[in-house]
Amino acid sequence: MSRTLVLGSNSFSGQDLVALLLEETDDEVVGVSRGPEPAPFLVRYRDRSRFSFHRLDLNRDMDALLALLDRLRPARIVNFAAQSEVAPSWQHPEHWFRTNCVALARLVNHLARVDWLERYLHVSSPEAYGSCVGRVVEDAPMNPSTPYAASKAAADLLLTTYRRQFGFPLLTVRATNVYGARQQLFKIVPRTVISLRLGRTIELHGGGRAVKSYIHVSDVSRGELAILEKGRPGEVYHLSPDQGVAVRDVVETICRRMDRSFDASTRTVGERPGQDAAYVIDSTKARAELGWRSRVGLDEGLAEVIDWVGENWSEIERMPLDYVHRE
């Protein structure tokens, strides 16, 4: 039996990949995150017979994490662990660089010298490209426009250096705007659903005109597993839907599905600093090389989130709706 370790296993995307690994492989799956395991309604996996969890922080517990890795010797590592919010990165950019670059540097410097690691999948972000206009492929130049994006670009360059110098078994994935049930409540899709249930006004930055590429978390997890199993080391793979959609159109769709007035439920506020006008990338490589494609349409995925919020409303309405930064 092989062993796969998932860093950031408590994250929205991390927990979904853990579930897929338990469903589709025979691997022993090890989760590592800095916080306690989330409530059951926030994770998709139920069978824990091949899953174990360790609470470790990349910034504070690196010695313990490296010792755990050396003891478990996982053949595969997937790294979701990062400071990942865009707008708050302007307030404390050093926190983003501490986690996304400094901690990562120590981790990869250790992993580059072990003899047991076969595959390392790094979860990057298209934010590193800046505004994505036209056909943006995997070798597009990096042009970050926020501290978060700059920290992810720096991380990618660091890992590429270790790949070039030491043959580090690096695989990189950049997925677009991931959404789905169990997502952090401050994200636009669940936040819209919750706000409509509470009768609150939804603020649309810049009128919601920025174009995003919303992709269901299950499609991303399937792509990540395909990259982990069949991707070529050293390559970057994009995971994206066929086309982008404006944020306001997503919110309007949710309003329509919940029988609410879009105009009465929303108001326009100023745009965020560094907001990219378009966020659309090309996923031809993953489709051609890995046979991957997105399966869950936006209407279907939004309906799932609406249902999930309704089914878990008693827990959700007691939770904070705003982003809470943790250093």
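Hi everyone, let me begin with a word we will need: a residue is buried when its relative accessible area is under 20%, exposed when that value is over 50%, and partly exposed in between, using a 1.4 Å probe and protein chains only. By that rule, buried residues make up 53% of the 327 residues in this protein.

Now, some ground rules. This is a predicted model, where local features need pLDDT of at least 70 and side-chain atom pairs count only at pLDDT 80 or more, while totals for chains, interfaces and linings use all residues. Residues are numbered from 1 along each chain as its sequence is written, and side-chain values use heavy atoms, with hydrogens and water left out.

On to the overall picture. The protein has 11 helices and 13 strands; these are DSSP runs numbered from the N terminus, with helices being H or I of at least four residues and strands E of at least two. Along its principal axes, the C-alpha trace spans about 60 × 45 × 40 Å.

What about contacts, meaning heavy atoms within 4.5 Å? Of those with a separation of 6 or more, 80% are between residues 24 or more positions apart.

For charge, there are 42 positive and 43 negative side chains, and the centres of the two sets lie 2 Å apart. Lys and Arg count as positive and Asp and Glu as negative, without His or the chain ends; each charge is placed at NZ of Lys, CZ of Arg, CG of Asp or CD of Glu.

Let's zoom in on T192. You will find T192 in helix α5, residues 188–198. Is T192 buried or exposed? T192 counts as buried because its relative accessible area is 0%. The T192 side chain reaches the backbone oxygen of I188 at 2.6 Å. Leaving out residues up to four places away in sequence, T192 touches I202, V251 and I254.

Finally, two arginines for you to look at. Most residues other than glycine have a negative phi. R73, however, has a positive phi near 50 degrees. R73 sits in the loop between α2 (62–72) and β4 (76–79), and counts as partly exposed at 45% relative accessibility. R182 also has a positive phi, near 80 degrees, and lies in the loop between β7 (177–179) and α5.

Definitions and conventions. Contact = heavy atoms within 4.5 Å. Polar contact = N/O pair within 3.5 Å; in protein donor to acceptor, adjacent residues only side chain to side chain.
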